Amino acid sequence: MNCSIRTKLILAICLPLVAVYVLLLVIEYRLGKEQSLAQMRLHLAELAAHQAARLDTQLTDLAQVARSTADFLATFPPEKEDMLYGLIRQNLASNPRVFGTCVAFEPGAFKADLARFAPYGCRSPTGEGLFTIDIGKDGYDYTRWDWYLLPKLLGRPVWTDPYFDKGAGEVLMCTYSVPFHRGGRLQGVVTVDVSLEHLRQAMTDIDIEGGYCMIVSGSGTIVSHPRESLIMSESVFSLAEWYELPELAALGREMTAGNSAVRRIPDFETGRPKWAVIAPVPSTGWSLAAMVPEEHVLAPVYARLNRQTGLLLTGLGLTALAMLVVSGWITRPLKRLAAAAREVARGNLDVRVAGFRSRDEVREFADTFNRMLDDLTSSVEARIRETAARESMEREMQIARQIQQSLLPKVRPPFCGRAEFSLDAANEPARVMAGDFYDFWFVAEDRLALVIADVAGKGPPAAMFMAVARTVIRSFSTANRTPAETLSIANHLLAEENEEQMFVTVFFAQYNVCTGELIYANGGHNPPLVARQDGRVEMLDSPGGALLAAWDDADYENRQTRLDPGDLLLLYTDGVTEACNEEAGMFGVDGLKGLVLKLQGAPVDQICREVLQCVNDHRHREAQDDVTLLALKREA
Amino acid sequence: MQIHNERYGASLVVRVAGRLDAVSAPAFEAHCQQAIEGGERAMILDCGLLEYLSSAGLRSILIVAKSLGAAGGDFALANARGVVREVLEISGFLGMLRCLDSLDSLDAPTAQG
């Protein structure tokens with residue numbers, strides 16, 4: 001993930017927290033919901049059963065009023081109308097729940113000449129005062145009404161279905177009718193009316209938080225409902241059909257069957273779920289239903305959920321804030337370190353990070369960083385010192401090389417203008433300083449001394465030994481001494497106190513420039529080549545004297561030859577013949593002979609140049625050994 | 001360069017194979033100095049397997065020969081042939097050091113060191 005430590009820290013801590021919080025909320029919601037619903041069901045079931053039982057008791061009490069009146073009339077047949085009205089008034093007065101009551105006689109039962117007689121008493125619809133009438137008058141034929149017919153035909157008390165009492169009570173009511181007999185003959189019916197409006201108000205008074213109670217008759221007709229318009233005009237089944245709610249129809253069937261139950265059904269208007277608890281009212285065959293919308297039940301759950309969500313969000317915000325601050329503490333020193341590192345990368349080694357108060361890993365890292373910079377600074381300084389030292393050493397070596405080079409004859413080309421011979425030499429050190437050297441000078445008017453030498457080893461020790469050897473040979477070479485004598489003396493001097501066992505191979509010759517006579521002695525050096533005018537290239541016959549400085553008692557021998565005009569004498573060191581490459585091996589004496597044969601006719605300076613060039617071409621890498629040449633040609 | 005020691009009676013034959021040059025000379029020198037310090041007084045450098053001898057090689061031979069001489073011992077060369085013999089000849093080593101054509105005159109080899 002490509003983001004800052006700060007973001008990572010905050011995410012790493014807050015994301016799990018969010019997950020835990022969400023989980024907590026979900027669990028809390030589920031549990032709370034279940035618990036609330038369970039509690040609601042229990043509460044509603046109790047409430048419904050209680051209210052149904054209370055209603056049943058009230059209705060039974062009212063029925064009792066009718067029954068005792070009927071019993072009384074059966075035992076004591078009334079003789080006067082006043083007595084009947086008195087009874088009715090008394091019943092109404094002592095039973096406030098009774099809306100109206102009536103004693104309806106069979107035609108001719110009260111008095112033979114009276115076709116219908118039914119004294120009725122009821123409360124005024126406003127609820128104040130009582131009034132009584134004979135509902136048998138004015139053509140109101142009560143004998144055809146259910147409340148009279150049903151008990152007459154069935155021979156037992158009956159609760160009628162609710163109805164609008166047109167011509168009598170003028171309200172929606174239902175009636176309990178009790179038949180009374182005398183001598184085996186039906187005398188009449190005593191009724192007690194219950195106003196549905198009173199029932200509705202009683203139901204409304206029942207406290208169901210957010211819900212309501214309703215009563216349904218045995219056929220499903222709504223008897224009591226907070227909404228008046230539904231009473232008697234709708235049944236649960238008609239509502240179920242109209243709103244296409246099979247759940248409501250199912251509930252209606254359970255209600256009409258007289259069951260107790262708890263059901264979750266959609267509201268017929270809003271469609272939102274609500275909980276319905278039903279309980280039977282056995283005396284009338286009705287059913288009481290308590291209805292509560294689910295959202296109302298769950299309201300406290302949602303409230304708690306909201307509260308908890310708020311708390312958790314606050315907690316989360318505080319945590320994030322704390323992380324922001326803490327991560328700032330953590331990353332600020334890192335940022336300083338990074339800035340310091342950038343500064344170092346730009347080349348400023350004087351940067352240090354300081355001012356860390358706490359002793360933690362970052363501080364440790366900063367200390368290490370500072371130490372590293374200290375080390376780096378000192379190592380850079382050391383390297384600068386070393387470089388300076390090396391440069392000064394190289395300068396000194398360069399000076400030493402110049403001094404060494406100055407020991408070699410440096411008139412170029414030498415002896416220009418001599419008609420009898422031409423001479424040139426070359427010296428190419430493998431390192432700054434050489435162990436090889438050549439030398440030439442006139443020891444007498446007509447005699448030229450020629451030296452070529454190779455000190456074992458390279459570098460400063462060899463160079464110093466070379467300087468000594470060259471000086472000794474030049475100093476002790478005189479016109480009177482033969483080359484062998486000179487070598488012998490030089491060897492003796494060099495061998496003395498030669499603790500380091502240095503040695504030098506020397507070829508020393510004296511050449512008579514007039515006659516071409518060459519007298520020479522060899523102290524362990526490669527025998528020079530002579531290229532004759534006739535095309536022969538030969539190695540000078542060498543007596544094989546020991547190299548100088550090794551044994552102080554070494555003997556040297558003189559040899560002699562003669563150069564004819566056109567003959568070429570080539571002195572060289574083993575740097576020429578032992579120049580090596582991996583494919584062709586050493587350049588070798590044969591290689592040199594072939595080259596000399598080819599170059600014989602050329603001027604000496606060109607010969608030297610070309611031989612050097614060939615040797616350099618032959619070597620596969622840097623110079624391995626010093627290369628030194630001396631070419632002498634007799635011209636006339 | 002490989003170095004082997006072989007004992008012929010009182011003599012220690014040091015057999016050097018390969019090149020004895022600036023690179024290998026210090027090892028040869030150290031090897032021989034160790035033998036001298038170990039009490040060897042008769043050493044023979046067997047050049048039979050030597051392929052190349054440079055001036056640095058010559059110097060190391062000289063140093064060994066001289067330090068053996070200083071210790072009262074005796075140094076000799078043997079089996080020098082071809083290019084190596086040429087170098088030894090030109091440098092005068094053949095004239096200045098004792099040379100054996102072969103090891104036949106020595107006692108039979110007895111042990112390796």
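**Pockets and a surface patch in a predicted model**

Modeller: This is a predicted model. By class, 17 nonpolar, 9 polar and 15 charged residues make up the lining of the largest pocket.

Biologist: What makes a residue part of the lining of a pocket?

Modeller: An atom within 4 Å of a pocket point. For the largest pocket, 41 residues line it, and those closest to its centre are A:Lys458, A:Gln624, B:Asp21, B:Ala22 and B:Ser54. The space is about 920 Å³.

Biologist: Which element gives the largest share of that lining?

Modeller: α2(B), with 5 residues. Elements of chain A that supply at least two residues include β15 (447-455) and α9 (459-476).

Biologist: And the second largest pocket, how much space lies there?

Modeller: About 520 Å³. Its lining has 27 residues, and A:Asn526, A:Glu578, B:Glu86, B:Val87 and B:Ile90 are the closest to the centre. Here α3(B) gives the largest share, 5 residues. The classes are 13 nonpolar, 9 polar and 5 charged.

Biologist: Why is A:Leu324 called partly exposed?

Modeller: Its relative accessible area is 38%. Buried means under 20% and exposed over 50%, with partly exposed in between. So A:Leu324, at 38%, is partly exposed. A:Leu324 lies in helix α7 (residues 294-345) of chain A.

Biologist: How do you know that A:Leu324 can count towards a patch?

Modeller: Patch residues need over 30% relative accessible area. A:Leu324 has 38%, so that cut-off is passed. With A:Leu318, A:Leu321, A:Val325, A:Val326, A:Trp329 and A:Ile330, A:Leu324 makes a nonpolar surface patch of about 650 Å².

Notes. Residues numbered from 1 in each chain as written. Chains lettered and ligands numbered in written order. Predicted model: local features only at pLDDT ≥ 70, side-chain atom pairs only at ≥ 80, totals over all residues. Heavy atoms only, no water. Patch = residues over 30% accessible without salt bridge, like charges linked within 9 Å, V, L, I, M, F, W, Y side chains within 5 Å. Areas by Shrake-Rupley, 256 points an atom, 1.4 Å probe, with all protein chains shown as cover. Salt bridge = Lys/Arg side-chain N within 4 Å of Asp/Glu carboxyl O. Helix = DSSP H or I, 4+ residues; strand = E, 2+ residues; numbered from the N terminus. Buried < 20%, exposed > 50% of the residue type's maximum accessible area, 1.4 Å probe, protein only. 1 Å grid on protein atoms, 1.4 Å probe; cavity = no way out; pocket = protein on both sides within 12 Å on 5 of 7 lines; lining within 4 Å. Points joined across faces, edges and corners; volume = space filled by probe spheres on them. Nonpolar A, V, L, I, M, F, W, Y, C, P; charged D, E, K, R; others polar.
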